[in-house]
Amino acid sequence: MSRRKKVIAGSLIASALIFLSIVVTFVLLGRSYLIIEESAEPSEVIFVLAGDDERLELGIELYQSGYANRLFLSNGKHEPKLQERALQAGVHPSKVSGGDHVESTWEEAQVAKEFVDANDIGTLLVVTSDFHTRRTKMTFDSIVEDEDTEVTYAVADTFFDEESELTERQHMTAFREYVKLFFYRIRLIIT
């Protein structure tokens, strides 16, 4: 067998094993593993992750309830309509800011770390979706949280109901989360 064929065969076998391990993990742990129940804690800043509208709504609700006096929208500069929605909901213009375009939770954690360090933030409340909590917590705890910064989480409810019958949308969302979780774990080990 030529070297090229061995490399191709090895790559296919490795890919199949990774796929199989993700499927087995999903079957064994189910949807509920992805969800970590957290209670929002008062913080200096509410950091709303990009994505579902439920995240922004919860971030604004937490701001209005006094959980923090600043609101940071991770995609806020890239999507001005997010800041407009916050302003329309009564968030003071000087109390809302946003980051540039981000495409992943990993990048959002990097933005949060830069923001926290630049502004000497001691407590950060991260708003994410229910199905996204395990990966968010793993990533932000590794990248942002340190001896100077405590990170807590608020969880926005979505279509993802761990108790209901599994819909195709929930199945695809859970599978994607397991795939991302798998590769994020590897990335955190390497870096």
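Tutor: Buried means under 20% relative accessible area, exposed means over 50%, and partly exposed lies in between (1.4 Å probe, protein chains only). The model is predicted: local features need pLDDT of at least 70, side-chain atom pairs count only at pLDDT 80 or more, and totals for chains, interfaces and linings use all residues. Residues are numbered from 1 along each chain as its sequence is written, and side-chain values use heavy atoms, with hydrogens and water left out.

Student: What is the mean pLDDT of the protein?

Tutor: pLDDT is the predictor's confidence in each residue, from 0 to 100. Of the residues in the protein, 87% reach 70 or more. The mean pLDDT is 84.

Student: Which element has the lowest mean pLDDT?

Tutor: Elements are DSSP runs numbered from the N terminus: helices are H or I with at least four residues, strands are E with at least two. S1 has the highest mean pLDDT, 96. Where pLDDT is low, the predicted coordinates should not be read in detail. The lowest mean, 65, belongs to helix H1 (residues 3-29).

Student: In what order do the elements of the protein run from the N terminus on?

Tutor: The protein has six helices and five strands. From the N terminus on, the order is α-β-α-β-α-β-α-β-α-β-α.

Student: How many bridges join strand S1 to S4?

Tutor: Two strands pair if DSSP finds at least two bridges between them. S1 (residues 45-48) and S4 run parallel. Isoleucine 46 stands opposite leucine 125 in S4. The bridges between S1 and S4 number four.

Student: Which residue in S5 stands opposite threonine 128?

Tutor: S4 and S5 (residues 150-156) pair in the parallel sense over seven bridges. Valine 127 stands opposite alanine 154 in S5. Opposite threonine 128 is valine 155.

Student: Why is S5 largely enclosed by the rest of the structure, and how many of its residues are buried?

Tutor: S5 has seven residues. S5 counts as largely enclosed because the buried ones number five.

Student: Is glutamate 177 buried or exposed?

Tutor: Glutamate 177 lies in helix H6. Its C-alpha atom is separated by 7.7 Å from that of phenylalanine 131, 46 residues apart along the chain. The relative accessible area of glutamate 177 is 5%, so this residue is buried.

Student: Which side chain meets glutamate 177 in a salt bridge?

Tutor: A salt bridge puts a side-chain nitrogen of Lys or Arg within 4 Å of a carboxyl oxygen of Asp or Glu. Here the N to O distance is 2.6 Å, and the partner is arginine 135. The pair links distant parts of the chain, H5 and H6, 42 residues apart. Glutamate 177 is buried, and so is arginine 135.

Student: How far apart are the closest N and O atoms of lysine 137 and aspartate 141?

Tutor: Both residues lie in helix H5, four residues apart, about one turn of the helix. Lysine 137 is partly exposed at 24%, and aspartate 141 is partly exposed at 24%. Their salt bridge has its closest N and O atoms apart by 2.9 Å.

Student: Which residues are linked with Lys113 in a network of salt bridges?

Tutor: Lysine 113 and aspartate 117 meet at 3.5 Å, N to O. They are four residues apart in helix H4 (residues 105-119), so about one helical turn separates them. Lysine 113 is buried at 18%, whereas aspartate 117 is partly exposed at 48%. The network links Lys113 with Asp117 and Asp146.

Student: What accessible area do Phe183, Ile186 and Ile190 have together?

Tutor: Patches take residues with over 30% relative accessible area and no salt bridge; like charges are joined within 9 Å, nonpolar side chains (Val, Leu, Ile, Met, Phe, Trp, Tyr) within 5 Å. Areas come from the Shrake-Rupley method with a 1.4 Å probe, and for residues only the protein chains shown count as cover. Isoleucine 190, in helix H6 (residues 168-190), is exposed at 66%. Together the three form a nonpolar surface patch with an accessible area of about 300 Å².
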